[in-house]
Amino acid sequence: MAESGVRSSDEKLRRLQSIADAALSRLGVEELLVELLDRTRDLLNADTAVILLLDAGGTELVATAAKGLEEEVQQGFRLRVGDGFAGRVASEARPIAIEHVDHSNVVNPLLIAKGVSSVLGVPMINAGRLIGVLHVGVLTHRQFTDDDVELLQLVADRASLATQARLSQLDRATTVALQNSLLPARPAAIPGLDVAARYIPGTDDGVGGDWYDLFTLPSGNVGIAIGDVAGSGLRAAVVMGRIRSALRAYAMETDDPADVLTRLDRKVQRFEPDAMATVLYGVLNVDLRNLTLSSAGHLPPIFVTDRAPGRPLNITPDLPLGAHRDAPRHNIHAEISRGECLFLYTDGLVERRNRSVIAGINDLATGLICGPADTMCATALARLLGSEPAPDDIAALAVRRV
């Protein structure tokens, strides 16, 4: 009998292996999880199977896939980590079984309404980090065995790997789409200005919070901005979109760049308390000659003529957005004559592990000569990036007064 039990267990593991491998090769996250849950119910003779994934804040579990308890997903069931049965599995990061389900040990009314009598749950862990909980239930009383726990944990491990891989792909694809929708394909055409921009996603962390913008103001002046939200991925891109949109709104109300960044900082402090960003914002007056700039921790723009190599503008940056409440901000003033250029960029262009930022800025400045804006962008990227993939996100904006 023992040998038969071993063969039976080995056969279950082989079946699960083939199911998981096949599913991984062709299915998306939701389809894969549902497929695994369907087979898990069969392998464990269970009536219900549910996967709850940890939300972005790490405080709640969200029903993501279910078989036999589809209502959990349809109704958007959420559970705080530490509460109820699944919350305990998450907080203690260990398998937990309940032989007699009642209101004292579960908080999800759907389990009671469905008539689930016994449940078994295991943590979903990837790279040492909890990402969710997998649990199964039966409608009749059952005492789950060690083999049941081992098999369910194996399913959870496979589901964790697949989920993390698929979510990483989805996060990057979603962020790229968001980034492309938030950044203008080409800056707006403004008479008297030749403008070009580049955005290069980093290869290490994917896309993130780098951005640029150029727009006309109600006064007839021109707003010029570039910024970099700390972090990477979808979160940074979302914050970037909010900051860019808010900057445009504040710029409609005042032509004072320091005032715009002060208002923007208050917004970040209030609504994005964990975010930090650098921003350089300038206003070019109607005749396109006088430029007023304010820097929230951003790198200095490069001023370029057609007669000499570029030079970083002498601007002392104030604190980044989100760094300190009510941080003072100031403006500097510069003039741009016909045929002169301004080049704005983020730190991904000039910062390298084996080279200081200052050295990178100087290398960029000496390599730029004022000319067509597209040529300036191409020259900067060729000189600083060459054939190497971008180690970090890069945004660049070239402005030439023609």
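Biologist: Where is Asn126 found, in terms of strands?

Modeller: Asn126 is found in strand β5, residues 118-126; strands (E, at least two residues) and helices (H or I, at least four) are DSSP runs numbered from the N terminus. A word on the source: this is a predicted model, where local features need pLDDT of at least 70, side-chain atom pairs count only at pLDDT 80 or more, and totals for chains, interfaces and linings use all residues. Residues are numbered from 1 along each chain as its sequence is written, and side-chain values use heavy atoms, with hydrogens and water left out.

Biologist: Does Asn126 count as buried or exposed?

Modeller: Buried means under 20% relative accessible area, exposed over 50%, and partly exposed in between (1.4 Å probe, protein chains only). Asn126 has 13% relative accessibility, so Asn126 counts as buried. Leaving aside neighbours within four places in sequence, Asn126 is in contact (heavy atoms within 4.5 Å) with Ile131, Ser160, Leu161 and Gln164.

Biologist: How do the axes of α9 and α10 cross?

Modeller: Two packed helices are described by the angle between their axes and the distance between the axes. Here the axes of α9 (residues 357-367) and α10 (residues 373-384) come within 10 Å and cross at roughly 135°. Axes are lines fitted to C-alpha atoms, for helices over the stretch in contact, with angles from 0 to 180 degrees between N-to-C directions.

Biologist: Which residues meet there?

Modeller: Gly360, Asp363, Leu364, Thr366 and Gly367 of α9 meet Thr379, Ala380, Arg383 and Leu384 of α10.

Biologist: And which residues of α9 are buried?

Modeller: They are Gly360, Ile361, Leu364, Ala365 and Gly367. Their cover includes β12 (302-304), β13 (311-312), β15 (341-345) and α10.
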